[in-house]
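Thanks, everyone. I have one structure to go through today, and I will keep it short. Please have a look at it first.

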Amino acid sequence: MSVPQSAGSEQAAHAAQIHPDAAPPTSEVEVRVAAEASQLSVLRAVTADLAMRADFDVDTIADLRLAVDEACSSLIRLATVGQTLTCRFQGDDRSLRVAASVVSDRPREPRQDTFSWRVLSALVDAVSTSVEPDADTDGGHVVRIDLTKGRTHE
């Protein structure tokens, strides 16, 4: 018995047959929550759900949950009061990428000399930070952490 596929799935499968080296189809989810520690459980749950749906193994899912928690905790500490924490998740059949950001009144990247940063760096394949002026606020800065975790091949 075959499972019906959506038209998008059929197109992606057809494209993969024509161009086997083509990038796999990606999905994107964006979550916005108050930049408060009480919202971290929501982001951990979304992370785990997306990783499960992408068929990541249990250990990789746990690593991703903790990595997102560490990254978002760092950003919450920098966020201007009343701001929103935005997490954009992009996934394909090889990896999950997370871009988390907040608006801060300080043009400062998260500290990279902390235990939290060491944990974060150990849990993912790649992590980076950036700060840029926020066009929507007077004197604000968008502070961002990007991380990538690839699928563990068994």
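Start with R151 and F56: the charged end of R151 sits over the ring of F56, at 4.6 Å from the ring centre. Bear in mind that this is a predicted model.

Next, the core. In soluble globular proteins, nonpolar side chains tend to be buried together. Here the largest nonpolar core has 34 residues. If you want to find it on the screen, go to L43, C72, L85, F89 and L147, the residues with the most contacts inside this core. The elements that each supply at least two of its residues are the helices α2 (40–53), α3 (58–78) and α4 (115–123), along with the strands β1 (27–34), β2, β3 and β5. Which of them gives the most? That is α3, with nine residues.

Now the largest pocket. Its volume is about 340 Å³, and 17 residues line it. Nearest its centre are T86, S101, V102, V103 and V142. Two or more lining residues come from each of β2 (84–91), β3 (95–104), β4 (126–133) and β5 (141–150). Of these, β3 gives the most, with five residues.

What is the lining made of, in terms of nonpolar, polar and charged residues? Five are nonpolar, six are polar and six are charged.

Conventions: Residues numbered from 1 in each chain as written. Predicted model: local features only at pLDDT ≥ 70, side-chain atom pairs only at ≥ 80, totals over all residues. Heavy atoms only, no water. 1 Å grid on protein atoms, 1.4 Å probe; cavity = no way out; pocket = protein on both sides within 12 Å on 5 of 7 lines; lining within 4 Å. Points joined across faces, edges and corners; volume = space filled by probe spheres on them. Helix = DSSP H or I, 4+ residues; strand = E, 2+ residues; numbered from the N terminus. Nonpolar A, V, L, I, M, F, W, Y, C, P; charged D, E, K, R; others polar. Lys NZ or Arg CZ within 6 Å of the ring centre and 35° of its normal. Core = buried A, V, L, I, M, F, W, Y, C linked by side-chain atoms within 4.5 Å. Buried < 20%, exposed > 50% of the residue type's maximum accessible area, 1.4 Å probe, protein only.
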